[in-house]
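Biologist: I would like to learn how to read a protein model, one feature at a time. Where do we begin?

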Amino acid sequence: MPRTPAFRRSAELNYDIRTTVVKAGHVGVWWLGQATFCFKFGSTIVYTDPFYRDANHSLQTLSETPLKPGEFVNAAMICCTHEHLDHIDPETLPGAVKASPSARVVLPMWNVKFASEMGVPVERMAPLRGDDAYTLGGVTIRAIPAAHMTLDHDRKKGYRYLGYVMEGNGVRIYHTGDIQPYPGWYERVKKLEPFDAVFLPISAVDNLHYLQAVYFCALHKPKLAVPMHYNMVPGYTEDPAKFTEALARNCPEQKTRIMKIGEGWMV
Ligand SMILES: [Zn+2]
């Protein structure tokens, strides 16, 4: 089956990111498929979970991944949420780190050895444990523990799975990472409201079901809710229209947007 093509890719997409002017009080958002995003806070660029697979790869992705490892350029930070290959990818992350030579890699402390073994220099890393934060280029990345089925915690390394609340340029957004509800999530998130945008997985299996993502919106009322983590890896997918239709029924005030891969949007 042919992959869903990206709206923009490679040089054309990077031109769009580079030339988009992001005024104060806004953030530029480009969805790069799955949990991979480019966020532009003013002039500070932050990528999440760089993931690239070409069309002939043995892992047949359902959609095109629009940036090659060497095209994750101009980043101040590359934020990685957890050790699964669609998030901390041995085939993409080392190339992305080389392509953005001044970027810091924000990742769970749990994954320092894993990332270093794939070629990410330890001195480039900014490891977080969960419930802590890192600031660079006027953007603060706050790590929110995530339960990816289980809420794994280690006294030395902190939480195994993370999501990130990012704040800069007068905007606060929340990329949850791969997550399912757990006791304490609501209280952590409630303290950080309001959010200008949240990015929520909807693929179920070991992630939020789309109705759980609707419930998140009912509880936390973000200004914009964007579904992610679907139509990439076979078996982990969902029709995003089910999410937006359920929102329209149950949370009619909630703004939402189904993004195209490679498409930019100003929040
Ligand atoms: Zn995932």
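Modeller: We begin with a loop. Asp49 lies in the loop between strand S3 (44-48) and strand S4 (75-79). Keep in mind that this is a predicted model.

Biologist: What is the phi of Asp49 near?

Modeller: First the general idea. Most residues other than glycine have a negative phi, and most peptide bonds are trans. In Asp49, phi is near 40°, a positive value in a residue other than glycine.

Biologist: And the peptide bonds: is the one from Glu193 to Pro194 cis or trans?

Modeller: The bond from Glu193 to Pro194 is cis, and its omega is near 0°. As for location, Pro194 sits in the loop between helix H4 (185-192) and S13.

Biologist: Now the whole chain. How many helices and strands does the protein have?

Modeller: There are six helices and 16 strands in the protein. The radius of gyration is 17 Å, close to the 18 Å that the globule rule gives for 267 residues, so the protein is as compact as a globular protein of that length. Its C-alpha trace spans about 45 × 45 × 40 Å along the principal axes.

Biologist: In which sense do strand S1 (residues 28-31) and S16 pair?

Modeller: S1 and S16 pair in the antiparallel sense, over three bridges. Within this pair, Trp30 has Gly264 in S16 as its bridge partner.

Biologist: What is the strand order in the other open sheet of seven strands?

Modeller: That order is S7-S8-S11-S12-S13-S14-S15, again with mixed pairing. Strand S7 (133-136) and strand S15 (255-256) are at the edges with a single partner strand each, so one side of each has no neighbour in the sheet. Inside the order, strand S12 (residues 171-175) and strand S13 (residues 197-201) run parallel and are joined by three bridges. His175 stands opposite Phe199 in S13.

Biologist: Last, how do I describe two helices that meet?

Modeller: Give the distance, the angle, the hand and the residues in contact. The axes of helix H5 (residues 210-220) and helix H6 (residues 240-250) come within 9 Å and cross at roughly 40°. That angle makes H5 oblique to H6. The crossing is right-handed. On the H5 side, the contact is made by Tyr210, Leu211, Ala213, Val214, Cys217 and Ala218, and on the H6 side by Lys242, Phe243, Ala246, Leu247 and Asn250.

Biologist: Which classes of residue make up the contact of H5 with H6?

Modeller: By class, the contact has nine nonpolar residues, one polar and one charged.

Key
Residues are numbered from 1 along each chain as its sequence is written. This is a predicted model: local features need pLDDT of at least 70, side-chain atom pairs count only at pLDDT 80 or more; totals for chains, interfaces and linings use all residues. Axes are lines fitted to C-alpha atoms, for helices over the stretch in contact, and angles run from 0 to 180 degrees between N-to-C directions. Helices (H or I, at least four residues) and strands (E, at least two) are DSSP runs, numbered from the N terminus. Angles under 35 degrees count as roughly parallel, over 145 as roughly antiparallel, 65 to 115 as roughly perpendicular and the rest as oblique. A crossing is left-handed if the near helix is turned anticlockwise from the far one by less than a right angle, and right-handed if clockwise. Two residues are in contact if their C-beta atoms, placed from the backbone, lie within 7 Å. Ala, Val, Leu, Ile, Met, Phe, Trp, Tyr, Cys and Pro count as nonpolar, Asp, Glu, Lys and Arg as charged, and the others, Gly among them, as polar. Two strands pair if DSSP finds at least two bridges between them. The radius of gyration is taken over C-alpha atoms; the globule rule is 2.2 Å times the number of residues to the power 0.38.
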